[in-house]
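Visitor: I'd like a guided look at the aromatic rings here. Could you take my questions one by one?

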Amino acid sequence: MVFSSLLFVYLFLALNLFIYSRAHTITSKNIIMLVFSLIFYSWGGPKYLILLAGMTFISWGMALAIHRFYEHRKILLILDCVLQLGLLGFFKYTGFLLGNLSAITGFPEVVPQIVLPIGISFYTFQLLSYVVDVYRQEVEPQKKYWLLLLYASLFHQCIAGPIVRYQDVERDMLHRVVKINEVDRGIKRFCIGLAKKSILANGCAVIADTFLVTDDLRSLADMSVLGLWLGVLCFMLQIYLDFSAYSDMAIGMGLMIGFHYKENFNYPYIANSITDFWRRWHISLSTFFRDYVYIPLGGSRVSAGRLVINLLVVWFLTGMWHGASWNYIFWGLYFFIFLVLEKFFLLRKFEKLPRFISHIYALVIIYFGWVLFKFEDLAALGTALKGMFGLNGNRFFDMQTGLTFSNYVFFLIFAIIAVTPLLKNIRQKIISWFKTRNIIPYPVYAYEIIFPVVLLILSTMALVGNSYNPFLYFQF
């Protein structure tokens, strides 16, 4: 079940909110959320619910043991990390490692195909952050197992983030209060995310998949140069609109019942450097690696050589986290190279140049980074990169590219506007205009009421009969 489905919006979520509103104590509210979360997670495979419950039990027990036997805390923390990362590694990387071993040595002859449990990368990191924070004495261990299971399985963010830290939601879990203004904000945020996904991200996906064919090298090699560039542009738009839409809906649903999740995106495509981009993109993952890997390694308060090693470790792990495939590792190392260059001299150079130059630089680097991210098959990756410069003997332009562009040109313009803060800034300026003149902004109020309703109607129309509705980050 995905957020952008009619089943979820009009049955699951509606039923959840209705039953939740009937509860009068925080305990009953939490039980309702736990039951719905377990149903939601088991929808994609009931057997993996046991894995989620088991990994939560390990972290629950280890956190209590760290608190009780503090003199042995380091051994207990290492044991928890080994168990949690070992389970993540088994499900996510066994096939990848054995596949590479088989390619080199011929053994094993048959590589086992292990199904990746949905959301395991996200809830593993959440549980790890919880145990580490208990180890650091930043939070008290949760004595009730079922409440920690609620934290790990909460359907708002269990499947595809954001990565929520226990210390950020502990108070909400135990003492949250639903406020009307936050419910209003939550509904608007959810509707914006739903429209962003069902209309914009899915529309970009159609164009991207038309040109970036991942399962037919011959067709990919025959794609025109401009067709490939258009396809990558649409994938660049799709992956942001897709993932940020999920975060918007998660944040919105949280506000509806009193949970406050931190922002996960801050218009990353307006960044003026790769350093700035990673402060704006998937913020919960970036801060996780910063706080639990980079800083413990010494951060930036080390020698230049050690700093490079610290960054290499972080970005190798960032690539690995995204998937068990070489292209993700190359993608992480690709950004590592530019982050190191910026750290040592590029950022100082950009300070002396007009901002639009550094912005163009960042967009170009990000653009080609998404080419690496798109193709797990390295042969397809090489074919696509060569084709973008006409090195496959492919045409520069063809009728398919022209027709696709002409049919979608206005859609693409709006999608590009949607990944910038332009509309948000216009709204703020209009409100500011009314306030400076002491005028009650009735048109703005009417817009605020009608806008989410219109988005919900448009999203419903887009989803009716639409079977192509994936979330890209489910695979991680």
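Visitor: How many aromatic pairs does the structure hold?
Guide: Happy to start there. Ring pairs are counted when their centres lie within 6.5 Å. In this predicted model, the number of aromatic pairs is 57.

Visitor: Is the pair of F243 and F265 stacked or edge-to-face?
Guide: The two ring centres are 5.1 Å apart, and the planes meet at 80°. Planes over 60 degrees apart count as edge-to-face. With 80° between its planes, the F243 and F265 pair is therefore edge-to-face.

Visitor: How many residues apart are F243 and F265?
Guide: This pair links distant parts of the chain. F243 belongs to helix α10 (residues 225–257), while F265 sits in the loop between α10 and α11 (274–280).

Visitor: Is F243 buried or exposed?
Guide: Buried means under 20% relative accessible area. F243 has a relative accessibility of 1%, so F243 counts as buried.

Visitor: Which residue has its charged end over the ring of Y20?
Guide: Here we turn to charges over rings. The charged end in question lies 4.6 Å from the centre of the Y20 ring. The residue is K29.

Conventions:
Residues numbered from 1 in each chain as written. Predicted model: local features only at pLDDT ≥ 70, side-chain atom pairs only at ≥ 80, totals over all residues. Heavy atoms only, no water. Phe/Tyr/Trp six-rings, centres within 6.5 Å; stacked < 30°, edge-to-face > 60°. Helix = DSSP H or I, 4+ residues; strand = E, 2+ residues; numbered from the N terminus. Buried < 20%, exposed > 50% of the residue type's maximum accessible area, 1.4 Å probe, protein only. Lys NZ or Arg CZ within 6 Å of the ring centre and 35° of its normal.
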